[in-house]
Amino acid sequence: MKKIGWKALPIILFMVICIFLWRGLSLDPHHLPSVQVGKSLPAFSLPELEYPGVLFQSSQVQGKVVLLNVWASWCSACVDEQVFLMQLAREGVSIYGLNYKDNSHDALQWLKQWGNPYKNILSDTQGKVAIDLGVYGAPETFIIDKSGVIRYRHAGIMNQELWLKEMLPLMNELEQQT
Amino acid sequence: MKSIVSLIFFFFFIGLSYANTMYPLDTPKQEAQFEHLLKDLRCLVCQNQDLADSNADLAKDLRLQVYNLVKEGKSDTEINDYLSARYGDFVLFKPPVKSLTLMLWFGPFLFLILGVVIFWRTCFKRASYE
């Protein structure tokens, strides 16, 4: 019996490795865990897209639960998301936009074409604030709580399913906190 | 013959001088630091490329950021900390040793020891049968 036990070990090991590799097939390597969750929003001061003379401070988003959506007019996936963001804006969700590495002319044109769900849009032409946020593509969406702490991050297009399953319950929960 | 050799050498160093004009640094030491940092940092868009090789927009921005930090005289650990605070340990090709990465670092040795033990046991058993 003991003899068989030792001989079975490589097969068991092989099977364990197979399970791990099989699991690995269904993991998306582009879905990275965010280290930003739990940290406060990096301090920034960026010009507003619609009024470039006005500087927007990161402290201005404090006091309410908001979405921060990173988008750009060159980002084709952002168009797909826009319909959903418009719906959220109609439902009364405060959405701030971070216009990522874009020029303001294209961005404003894009908003005219696809609609503007944002309460305010900050232009990050250099992508500096995006680096501080750990953004590696557009679109990306953050949930920021009342004290200005990042509570959630989603890289990629938001949709109804994700919103109802993860984001809305979290936002309601954060809304309860004082 | 000599001209061919010198031509080859010319092409060897044209890349080097080109890199220097794009990211001019004060000392050779900083240049060396900049170069090895770019090799040790991962581009997050094309994930198996380092920052030195990648042409993604984000990689360009991060290269510039690393360049500025090197220019400011920051150390390797400070720059690595700066990036991993934003993008996580995934940005480093050499992740730090901590409880989460123990298996990653020492797993291979564990398997090696296990293999040797199995090999030893089987051989030992076989010898005793004869």
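**A strand in its setting**

Author: Strand 3 (residues 66–71) of chain A has six of its six residues buried, so it is largely enclosed by the rest of the structure. A residue is buried if 20 or more other C-beta atoms lie within 10 Å of its own, exposed if 12 or fewer, and partly exposed in between, with C-beta atoms placed from the backbone. Helices (H or I, at least four residues) and strands (E, at least two) are DSSP runs, numbered from the N terminus. This is a predicted model, in which local features need pLDDT of at least 70, side-chain atom pairs count only at pLDDT 80 or more, and totals for chains, interfaces and linings use all residues. Residues are numbered from 1 along each chain as its sequence is written, while chains are lettered from A and ligands numbered from 1 in the order in which they are written.

In a regular strand the side chains alternate between the two faces of the sheet. Here A:Val66, A:Leu68 and A:Val70 point one way from strand 3 of chain A, A:Leu67, A:Asn69 and A:Trp71 point the other way, and all are buried.

Two strands pair if DSSP finds at least two bridges between them. Strand 3 of chain A pairs with strand 6 (residues 140–144) of chain A in the antiparallel sense over five bridges, and A:Val66 stands opposite A:Ile144 there. With strand 4 (residues 95–100) of chain A, strand 3 of chain A pairs in the parallel sense, over five bridges; A:Leu68 has A:Tyr96 as its bridge partner in strand 4. Between strand 3 and strand 4 of chain A, the chain passes through helix 2 (residues 76–90) in a right-handed β-α-β crossover. Right-handed means that, with the strands pointing away from the viewer, the path from the first strand over the helix to the second runs clockwise.
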